[in-house]
Each structure stands twice: as structure tokens, then as C-alpha cells.
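Please look over the sequence and the model shown here before reading the briefing. The notes that follow are grouped by topic, so that each can be checked against the display.

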Amino acid sequence: MKPALFEYSAPQTVAEAIALLAADPGAMVLAGGQSLVPAMNLRLASPSRLVDIQHIPGLSGISVAGGEIIVRALTTHRELELSGEAHRANPVIREAMAHVAHIPIRNRGTVVGSLCHADAAAEMPMVLVLTGGSVVAEGPQGTRTIGAEDFFQFHMTTSRESHELVVEARFPVLPAGAGAAFDEFTRRHGDYAIAAVGAIVRLGRDGAADKVAVATCGVGSRPMRLPAVEARLIGTRLAAEDLAAAGEIAKDAVTAPDDINATTSYRQRVVATLVRRVVEKAAHRAGQGR
Ligand SMILES: Cc1cc2nc3c(=O)[nH]c(=O)nc-3n(C[C@H](O)[C@H](O)[C@H](O)COP(=O)(O)OP(=O)(O)OC[C@H]3O[C@@H](n4cnc5c(N)ncnc54)[C@H](O)[C@@H]3O)c2cc1C
């Protein structure tokens, strides 16, 4: 299919892009086009105007400062995946990124585009939630920072206003002494997750976990932390019975209905298994000083 008719603009500055978005509530930002263009071709999206941000200087690049990995809006998945500086600051990003689509798509698609697209089964939104990250949005009224938990509201729905441009994402660096891990289950490599789990674990001097963050995606209407799972694990030595109990608790987070990929009960079993494996791997890495 072909897309519906639309106007096209290629602004040269962030201010120009914001003015174009503010002037037309039906306008949409075009970044790498890896999600928006297929959606337009399928007529799932019919923007009145595309505001193509690819030609705006200064919107690319990755830096690590103030305890955060700052990913500018035009940075592709692949650039972040291959960044040694980002990997040293938080290795869970590269581990998760290997599951995002395929390399040709990661070469064109942007990290911020993935966050703004907000597919409930997408990996990078979940990593932003797991790490406690945020996005920076610029609009006619100025700039605001939106925490991940407030940004992702529902499948393909964020708290971004239609006249706002997200200029960067900020992923916190891994806390000192912590280990992190990510894993997911899909029917084919490169597909969106049937279920994915990420974890960050830090062990105290006595070997008990004094910090645990666990997040999941693919099993509900948005990526989410699992506070009941974290509470069950904090203060324990993450023995087999602790991990098994945490996995059972994680089943409660699954709200996705049966679909062509999996039933709800299948997703529950997958997420329980992933919680056990991923938390164990993160703890092992914490013990190794990674
Ligand atoms: C075959 C295939 C398989 C895929 N598999 C996966 C997968 O397994 N996991 C996964 O996570 N993704 C997957 N994707 C999606 C891919 O990751 C996209 O690159 C990404 O979702 C969107 O990035 P983009 O730069 O292409 O954004 P675009 O397609 O240009 O835009 C996506 C949305 O975000 C908005 N947007 C983009 N940038 C901004 C901004 N700076 N400010 C405000 N709004 C903005 C757009 O208006 C649009 O609504 C797949 C895509 C394809 C085609």
C-alpha cells in the first residue's frame, strides 16, 4: 500500500521543527523512518505533515556526563550499540540492543525514535525504565525532563505533547559494584519480544542483595518495573528458592491477552523463567565486579 498524502518539511534547526509541529497538530516527526514509514504505508498513521529532523545539525552523538549516558535524538541504535564509552558506562544497553530488530534496521532507526514510538514489546523503552532514565523534550514553552515511568503511558502512547521534539534520552550509568543482565524470548531472532526481562543487582559485603531493579516488556501495555519482585529479592542471598519465588510473583505482571504469538499463561511461564535467569546472571556479574 501507499501512504495517504502528506506535506513534507526538512527544518534546519530545533526551533524551526518545533514551530512546524506547533502549527499543525497532525504533523509527525520523521527520524529513521523504520517504524513510521511502515505504519504510514499500512495506513496505521496518516500524518498531515512529516517534519524530517535528519538535517538538523547538533542532534547526533553520545556522551557520558554527570552519571548519565546522553543519547541525542538522531543517534542510531547501531551507534549506541557500538559505543565503547556507553558500553563501559552501562553494559546492559549493548546486551539489550542485540535483540532490537536486525543490523540494517539498527543502522537507520534511532534510539529516541524507538522510545517515542513506545511499542510495549520494544527493548530500549524497557532499558530506560530499568535504569531509571529520562527523556528531554523541547516545545514552544521550553524544555522539560520526563522520567521513564511517566513517559511511557500505554502501547504506542507517551506523555510527549504533539508540539514537542524529544532532543535526547538519558540512561543512568550502572551503579558502582552492580551487575546487570538482559534476556528475551522471541519466536525468531529480531522479532519484538514475547517477553523480555532486564535486571540490575548489587550485592552487599554479606553477599545479600542490597539493590535490585527488575523490569519487563512484551507482557503488558507498557514497559514496567516489577516492585513486588524487587521487594522479594532485596536482602536475600538470591538462593534458588528466592529466585523461584520472585519468578512466581512476576507472573502477576502479565496482562497481555492471548494473541497469535502466545497465550497469557505461556507468557507468564516465560517471564517467570526469565526473571530467574536474568537476576541470577546480574548477581553473578555483580560478584565478578562487572
Ligand atoms: C522489520 C522490523 C523489525 C523491528 N524489530 C524491532 C524490535 O525487535 N525491537 C524494537 O525495539 N524495534 C524494532 N523495530 C523498530 C525499530 O527499532 C525502529 O528503528 C524504531 O522503533 C524507531 O526509530 P526510527 O528512528 O526509525 O523512528 P521513526 O520511524 O522515524 O519514528 C517512530 C515514531 O517516533 C516519533 N519520533 C521519532 N523521533 C522523535 C523525536 N526526536 N521526537 C519526537 N517524536 C519522535 C515519530 O513521529 C514516530 O511516531 C523494528 C522495525 C522493523 C521495520
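## Briefing

Leaving aside its neighbours within four places in sequence, Q34 is in contact with I105, R108 and G109, where contact requires that the C-beta atoms of two residues, placed from the backbone, lie within 7 Å. This is a predicted model, in which local features need pLDDT of at least 70 and side-chain atom pairs count only at pLDDT 80 or more, while totals for chains, interfaces and linings use all residues. Residues are numbered from 1 along each chain as its sequence is written. Helices (H or I, at least four residues) and strands (E, at least two) are DSSP runs, numbered from the N terminus.

**Q34 and its surroundings**

- Q34 is placed in the loop between strand 2 and helix 2, and it counts as buried because it has 20 C-beta neighbours inside 10 Å.
- The burial classes rest on C-beta atoms placed from the backbone: a residue is buried if 20 or more other C-beta atoms lie within 10 Å of its own, exposed if 12 or fewer, and partly exposed in between.
- Although Q34 and R106 are 72 residues apart along the chain, their C-alpha atoms are separated by 8.9 Å.

**The shell around the ligand**

- There are 30 residues around the ligand, of which G32, Q34, G109, G113 and A122 come nearest; a residue is near a molecule or strand if its C-beta atom, placed from the backbone, lies within 6 Å of it.
- At least two residues of this shell come from each of strand 2 (27–30), helix 2 (36–41), helix 7 (111–117), helix 8 (123–131) and strand 10 (165–172), and helix 7 gives the most, with 5 residues.
- Sorted by class, the shell has 17 nonpolar, 10 polar and 3 charged residues, with Ala, Val, Leu, Ile, Met, Phe, Trp, Tyr, Cys and Pro counted as nonpolar, Asp, Glu, Lys and Arg as charged, and the others, Gly among them, as polar.

**Domains and their contact**

- The protein chain is divided into domain 1 (7–54), domain 2 (62–172) and domain 3 (178–287), with bounds that come from an automatic or database domain assignment.
- The centres of domain 1 and domain 2, taken over C-alpha atoms, are separated by 18 Å, and the contact takes 14 residues from domain 1 and 17 residues from domain 2.
- On the side of domain 1 that touches domain 2, helix 1 (residues 14–23) gives the most, with 5 residues, and the residues of that side divide into 9 nonpolar, 5 polar and no charged.

- An open sheet is formed by 4 strands in the order 11-12-13-14, with antiparallel pairing; two strands pair if DSSP finds at least two bridges between them.
- Strand 11 (178–185) and strand 14 (224–225) stand at the edges, and because each has a single partner strand, one side of each is left without a neighbour in the sheet.
- Strand 12 and strand 13 pair in the antiparallel sense over 8 bridges, with A209 in strand 13 as the bridge partner of L203, and they form a hairpin with 5 residues between them, in whose turn G207 has a positive phi of about 90 degrees.
- Strand 13 (residues 209–217) and strand 14 pair in the antiparallel sense over 2 bridges, where A215 stands opposite R225 and T216 stands opposite M224.
- In the hairpin of strand 13 and strand 14, which has 6 residues between the strands, G218 takes a positive phi near 90 degrees.
- Strand 13 has 7 of its 9 residues buried, so it is largely enclosed by the rest of the structure.
- Helix 12 (residues 264–287) lies across strand 11, strand 12 (195–203) and strand 13, running at about 30 degrees to strand 12, an angle taken between N-to-C directions on a scale from 0 to 180 degrees, with axes as lines fitted to C-alpha atoms, for helices over the stretch in contact.

**Backbone points to check**

- Most residues other than glycine have a negative phi.
- R43 has a positive phi of about 60 degrees although it is not a glycine; R43 lies in the loop between helix 2 and strand 3 (49–52) and counts as exposed because it has 11 C-beta neighbours inside 10 Å.
- M156, also not a glycine, has a positive phi of about 60 degrees; M156 is found in the loop between strand 8 (152–154) and strand 9 (157–158) and, with 18 C-beta neighbours inside 10 Å, counts as partly exposed.
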